[in-house]
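User: Hi! I am new to reading protein models and would like to go through this one step by step. Could you help me with some questions?

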Amino acid sequence: MKLRNLSAAMLPVAALTGCADKLPEKPNIVFLLFDDLGYGDLGCYGQELIETPHIDALAQQGIIFTDMYTNAPLSAPSRCSIMTGQHQGHAQVRANEELHGIQTADLMSESLFRRSWENPDYEGQYPLAAGTETIGTMMQKAGYKTALIGKWGLGGPNTAAEPNKMGFDYFYGFNCQMWAHSYYPDFLWENDKKVFIEGNEYMPVCARLDEGADPYDIRYYDKFNQKHYSCDLMYDKIEKFVDENAKNPFMLVWTTTVPHSTVQAPEDEVMYYVNKLGEEKTPITDGGWYYPVLYPKSAYAAMITHLDAQVGKLVQKLKDMGLYENTVFVITSDNGPACNSNSPLEYFKSGGPFKCTKGWGKASLHEGGIRLPFIITCGSHLTPGKSNHAGQFVDIMPTFAELAGVEAPANDGISLVPTLTGGEQPKHEYLYWEFPGGKGWVAVRWGEWKGIVKNVHKGNNVMELYDLHTDLRETTDVAAQYPEVVEQMWKFIKESHQPVPNDVQRYKMNVNFP
Ligand SMILES: [Ca+2]
């Protein structure tokens with residue numbers, strides 16, 4: 001059957017001109033990966049309340065991708081696909097798996113949380129296998145200095161998959177995703193050293209307001225908002241890394257935890273949004289795995305704007321150092337926005353044009369969980385525009401390889417450089433996802449068709465089919481009208497899905513092929 005041309009319904013797609021833009025040789029790379037930022041959370045993707053002027057300015061100079069996807073709707077598997085270029089049908093990591101580390105349930109137990117604080121062996125997620133080739137090892141081979149600053153989540157301390165062993169010359173931040181639920185931690189990791197932060201105190205995320213506290217009085221929240229904001233500690237290290245590598249190519253992987261819950265930002269910046277958006281009347285006093293928050297909407301907005309201001313600072317610094325024209329920025333998010341009490345998604349329309357209520361954002365394979373903002377700029381080298389190339393994070397590895405002039409390890413991606421230089425962009429035949437979290441999901445995008453199978457763990461093999469050309473919110477299942485499309489989708493699933501190469505129960509999914 002003939003497929004109609006793809007088009008993104010929300011953003012008008014300007015045809016990228018055919019003129020060949022030249023990219024600098026071995027440019028520096030700044031890869032900024034947000035955590036749970038939605039398609040609609042940036043001004044350049046239609047956000048009207050949260051201010052992101054610096055990222056918007058970068059986007060104006062570069063390419064805005066309308067149809068770019070993560071490979072997985074959750075942190076660890078998404079990052080695994082970014083690092084290895086492997087799609088989830090044969091990736092090592094396919095869900096968040098804590099192995100010996102602190103489990104989600106432990107977050108609510110002070111003693112188990114403290115155990116992880118006392119003994120780093122109880123930190124971290126399931127480790128990538130020793131010797132895994134990553135974008136880090138690849139760029140090191142190309143002569144780059146590499147840093148990962150932010151959140152890791154692909155192997156705990158004392159495992160074979162500490163960031164320094166996975167291709168990063170320098171690491172600073174959270175090794176463990178669970179500890180990243182606080183923006184005022186009392187320690188972070190610098191390479192393989194646990195560094196305590198003077199002025200911040202140990203504060204488990206199960207901590208609540210003191211007995212008798214007035215939940216409408218901001219002073220009672222002081223204990224959660226301590227002296228040093230982790231985003232600022234990380235940003236200081238970013239500047240230091242750039243300073244130290246002004247004379248050689250570098251790749252900075254900036255895996256910020258913004259705007260993942262707990263939503264926290266410096267008080268004056270939160271108050272800016274309280275004034276702008278209006279006083280909030282519903283503080284979160286019991287945030288589950290997260291601290292209480294007095295102004296969740298304002299805090300969510302403030303933390304994104306705070307990060308945006310840091311992007312502006314870094315751009316200015318690179319300009320001052322004469323490095324900006326020689327630096328590629330890639331900006332995206334690891335998965336769609338989280339639907340928890342901390343994240344005011346509906347208020348901000350974080351899902352953009354996609355449905356993003358509970359079950360439709362993070363941890364789902366609906367568009368709201370997987371389609372993400374994705375921007376590439378390179379100083380004034382690119383012809384600004386929008387691209388509706390349907391890609392996935394596995395494209396990042398071959399893109400960086402081509403930029404650096406090095407051969408990439410075997411991967412499932414397609415370099416996006418032709419889109420940057422005005423060349424003919426090769427396309428994926430289809431995009432594949434599987435996600436064993438929750439009740440189990442499989443999905444395929446083929447042209448404008450989106451096939452999705454839910455409840456895989458229960459043996460369900462009835463595919464829902466949506467026409468993204470007319471139905472971005474995936475509301476009208478047309479599977480019964482297009483059995484030949486459904487049949488082809490199943491063929492794609494069959495050729496993509498492979499058993500996990502390890503014994504992690506949580507990654508396993510038995511697909512009941514029809
Ligand atoms: Ca995430």
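User: How many bridges join strand E14 to E15?

Analyst: Keep in mind that this is a predicted model. Strand E14 covers residues 449-453, and E14 and E15 run antiparallel. The number of bridges joining E14 to E15 is 4.

User: Which strands stand at the edges of that sheet, and why is one side of each left without a neighbour?

Analyst: The open sheet is formed by 4 strands in the order E12-E13-E14-E15, with antiparallel pairing. Two of the strands have a single partner strand each, so one side of each is left without a neighbour in the sheet. The edge strands are E12 (431-435) and E15 (464-467).

User: What is the average twist from one strand to the next, and which helix packs on the sheet?

Analyst: From one strand to the next, the twist averages 15°. The helix that packs on the sheet touches E12, strand E13 (441-446), E14 and E15, and its direction makes about 115° with that of E13. That helix is H12, residues 483-496.

User: How many residues of domain 2 are in contact with domain 1?

Analyst: Let's begin with the division of the chain: domain 1 spans 28-428 and domain 2 spans 430-514. Taken over C-alpha atoms, the centres of the two domains are separated by 27 Å. On the domain 1 side, 26 residues take part in the contact. On the domain 2 side, the number is 25.

User: How do the residues of domain 1 that touch domain 2 divide into nonpolar, polar and charged?

Analyst: Good follow-up! Here we look at the side of domain 1 that touches domain 2. The residues there divide into 12 nonpolar, 10 polar and 4 charged.

User: Are helices H5 and H7 roughly parallel or roughly antiparallel to each other?

Analyst: Helix H5 has residues 230-244 and helix H7 has residues 296-320; their axes are 11 Å apart and the packing angle is about 15°. Angles under 35 degrees count as roughly parallel. The angle of H5 and H7 is about 15°, and therefore they are roughly parallel.

User: Which residues of H7 make the contact with H5?

Analyst: The crossing of the two helices, H5 and H7, is right-handed. From H5, the contact uses Cys-231, Tyr-235, Ile-238, Glu-239 and Val-242. By class, this contact of H5 with H7 has 6 nonpolar, 2 polar and 2 charged residues. The H7 residues are His-306, Leu-307, Gln-310, Leu-314 and Lys-317.

User: How are H1 and H7 placed relative to each other?

Analyst: The axes of helix H1 (residues 53-61) and H7 come within 7 Å and cross at roughly 55°. H1 contributes Pro-53, His-54, Ile-55 and Leu-58 to the contact, while H7 contributes Asp-308, Ala-309, Val-311, Gly-312 and Val-315. By class, the contact has 6 nonpolar, 2 polar and 1 charged residues. The crossing angle of roughly 55° therefore makes H1 and H7 oblique to each other.

User: How do the residues of the contact of H6 with H7 divide by class?

Analyst: Helix H6 (residues 267-277) and H7 have axes that come within 8 Å and cross at roughly 120°, and the crossing is right-handed. Among the contact residues are Tyr-272 and Tyr-273 of H6 and Ala-301 and Ala-302 of H7. The residues of the contact divide into 8 nonpolar, 3 polar and 2 charged.

User: Which residue in the turn of the hairpin of E5 and E6 has a positive phi?

Analyst: Strand E5 (residues 187-190) and strand E6 (residues 193-196) run antiparallel and are joined by 4 bridges. Phe-187 has Phe-196 in E6 as its bridge partner. The hairpin has 2 residues between its strands, and the one with a positive phi of about 55° is Asn-191.

User: Where is Pro-259 found?

Analyst: Pro-259 is joined to Val-258 by a cis peptide bond, with omega about -5°. The peptide bond from Ser-261 to Thr-262 is cis too, with omega near 0°, and Thr-262 lies in the loop between E7 and H6. Pro-259 is found in the loop between strand E7 (250-255) and H6.

Technical notes. Residues numbered from 1 in each chain as written. Predicted model: local features only at pLDDT ≥ 70, side-chain atom pairs only at ≥ 80, totals over all residues. Pairing = 2+ DSSP bridges. Axes fitted to C-alpha atoms, helices over the stretch in contact; angles between N-to-C directions. Contact = placed C-beta atoms within 7 Å. Domains from an automatic or database assignment. Nonpolar A, V, L, I, M, F, W, Y, C, P; charged D, E, K, R; others polar. Parallel < 35°, antiparallel > 145°, perpendicular 65-115°, else oblique. Left-handed = near helix turned anticlockwise from the far one by under 90°.
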